Amino acid sequence: MKIAIDREALRRKYREERDKRLRPDGNEQYIHIEDHFPHYLDDPYTEVQARQAKSDHVTFAFIGGGYAGLVTAARLVEQGVSDVRIVDKAGDFGGTWYWNRYPGAQCDTASLIYMPLLEETGHVPTQNYAHGPEILEHCRRIGRRYGLYDNALFHTRVSAVEWQEEAGVWRIRSDRGDDFTARYIGMGTGPLHMPKLPGVPGIDDFQGHAFHTSRWDYRYTGGDPAGAPLDRLGDKRVALIGTGATAVQCVPHLAGACATFYVCQRTPSSVDARDIRPIDRDWFAAIAEPGWQRRWMENFAANLSGAPVENDLVRDGWTDIPRRFHAGLAQLPEEERKNPARWAEMWEQADFEKMEEIRRRVDAVVQDAQTAARLKAWYGQLCKRPCFHNHYLEAFNRASTVLLDTDGRGVERITPRGVVVGGVEYPVDCIIYATGFEVGTDRLSRTGFEVTGRGGRTLSEHWQQGMRSLHGIHVRNFPNAFLVQPAQGANFIANVPHNIVESAAAIAHTVRHAEASGAARVEVSAAAEEAWVQLIASGTGLTLPNPDCTPGYYNNEGQPLPAEAHSYAGYPMGAVAFFGHLQQWRDSGAFEGLEFGLDASGM
Ligand code: NDP
C-alpha cells in the first residue's frame, strides 16, 4: 500500500522531537554504576567457585568469553592451537547472553546469521529468532565442542596485561591472584557490557528494591529466563525505567505479573511486528549446503549495504528499508538511478514510509488514543536500535500497565518511595533499570584493565589522538596481540557476529603462519598502521553517528564527537567491501602489513 507522506512536515516533526531531547551533558547524564551501586554488578546466576591462582604459561589467552572469544578460540583450535585460555568476569561463556537473562530476552537478528558456528556444531536453531537461553546454550556448546572449558577462568577480572619484551610473552594478572603468561593475547570485551544508570536526582535515596535488567533478580520477581511467569510480583508496584530494545522484550512479561506496572518512557522505540516461527527441519536440510551460513551472512550484509541483491535470504524488518529503496530506484528513469541526490531522496522516502507504517501499527493495537500517541517514534528507523515485537504494544492495553511518558525529559526524580514524573510521585516497591550500557565512555572504566605494550607504552597512550590499527585487529607496539571489535573494520552493527567470524579467521591464520614459520613475534608495521588510519580518515563518515537523529548511544547522545572519536569509524567502502578485503588479505598468505620476527627483541 502506498502511503502519502508530507516530507517537509515529517522532517520538521523529527527535528522538534530531537531538539526536545538534546541536552548539553550528553553522556555525563549517566552515572557509573561502580561508583554508586557496585553490588548491582554481582552475578545473580552462578556462585563463585574457589580455585588456585594460575601462574603457568599458555599459547593464547583471550579476554572475554562471549562470541568474540569463543569464535576466535574455535578457529585457533581448528588451526592446531589447542592451548587457548579464555578469561571472563562471568561465571560461564556467553558474554552478553550470560548477563542478559531478563524475561523475554531474544535475538533481534535472524538466528541463522546471528548464531555463529552452526555448521561446525551441527545445531539447528529452534526458531528464526532464538531466545536468550538457546543462545547461551549455544555458547556453551561451542565451548564444549572446542574443548575450551578446561583452560577457562571464569569469575575472573583481568587487572593488567603487559608485554614482556625479553621473554616475548604477555603477562596477565587478575583479581583472583592469577599471574600467568601467554605467547599471544586476544581481547574481545564487547561494546555493551558495563550497565549504566541514569543520573536522576535522588537515585541513591530509593529505599525499595532495585536492579538493572542485565542482572535480573529472579529471586525477587519469581519466574525464570525460559519464560515461567514472574509469580512473586502479584502484589508489587514496579517501575521500569527505559523503553529501548531490552524494555521492549521484558515489558510484556512484567505487564501481566505486577499489581501496578509503570513504564517510564523518555523516547519511544520503533516497534515493528515480527514474523516469528519455528525452523522447519526439512526446509533447513534443503538450504544447508556446505558454506550456507557464510552465504547467508554475506547476503544479509549485502542487503543492508544498499547493494542490489536479487535474493533476500533473511527477508525481515532489517532488510525491509533496503528492499523498498531498490524497488523505488527501479522505477526511476535509467539516467537518474546513479544520481547520489536521488539515492538520498529514495532512502529517506523508504524510511518515512516504513516509520509511518510502524506508527499506524501503534494506532491499530493500542486502544487508548492518548497512550497510542505517546508510543509513536518520530525519527528515522536506524537512528535508534529498531525493535521488533508482537506483544509489546498490547501490554499497554492492560489496566494495570501505566505509561509514564516524560515527553523527552526523563524521570524527574527518584525519592525514597518511588519515581517522580510530571511533578507526581508514583510510590513503587521496585525499580528496574532498563537503561542500557556505557558507550563512548572512557575505555579503561569499561574494561577495567590497561594494556601495556613495548617500552611500557599503554594502549590508552598509543590511542590518545585516536584509535590506530590495521583492520581494527593489529596495533603497532603491541606484538602478538589481537583485537576483536568492529571499529576500523566492518563496523557492521546489524549483525555483530559477522564482524567476529571474519576477524577470528584472520587472527587464526596469522597465528598459524607465525607458528609454522617459527616467528616469535608478529606485529603490524608502523607504515601499514599509519596507512590504515589514513584510509579510515578518508571515509565519508557514513559509518559515523548521525547528528540529525534523536539522541542516544548511536550518536553520542546528540553531542559533537571529539576529533579522535572519528578514528573509530568503519572501513570507508562499507562492511561488504571490508569483509572481501580481509578475506583476500588472508587468502593471499602474504599477511601484507605484518612483520614476523624471529626473536622477541627485534626483527
Ligand atoms: P538502550 O540504551 O537502548 O535504552 C536505554 C533506555 O533507557 C532508553 O529508552 C533511554 O531513553 C532510557 N533512559 C535513559 N535515561 C533515562 C531517564 N533519565 N529517564 C527515562 N528513561 C531513560 O538500552 P537497552 O538495554 O534497551 O539496549 C541496549 C542495546 O542492547 C540495544 O541497542 C541492542 O544493541 C542490544 N540489545 C539487543 C537485543 C537483541 O535482540 N540482540 C535485545 C536487547 C538489547 P532515550 O531513548 O531517551 O535515551
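**The ligand and its shell**

Author: Counting a residue as near when one of its heavy atoms lies within 4 Å of the molecule, 27 residues surround the ligand, and the closest are Asp108, Thr246, Thr267, Lys384 and Tyr553. This is a predicted model, in which local features need pLDDT of at least 70, side-chain atom pairs count only at pLDDT 80 or more, and totals for chains, interfaces and linings use all residues. Residues are numbered from 1 along each chain as its sequence is written, and side-chain values use heavy atoms, with hydrogens and water left out.

Reader: Which N or O atom in a side chain is 2.8 Å from an oxygen atom of the ligand?

Author: A polar contact is a pair of N or O atoms within 3.5 Å. Here the side chain of Lys384 supplies the atom at 2.8 Å from a ligand oxygen, and a side-chain N or O atom of Arg385 is 3.4 Å from a ligand nitrogen.

Reader: Why does the ligand lie between domain 1 and domain 2?

Author: Domain bounds come from an automatic or database domain assignment. Domain 1 (16-42 + 196-274 + 349-433) and domain 2 (57-193 + 440-597) both give residues to the shell, so the ligand lies between them.

Reader: How are the residues of this shell divided by type?

Author: With Ala, Val, Leu, Ile, Met, Phe, Trp, Tyr, Cys and Pro as nonpolar, Asp, Glu, Lys and Arg as charged, and the others, Gly among them, as polar, the shell has 13 nonpolar, ten polar and four charged residues.

Key:
A polar contact is a pair of N or O atoms within 3.5 Å; within protein, one must be able to donate a hydrogen and the other to accept it, and residues adjacent in sequence count only if both atoms are side-chain atoms.
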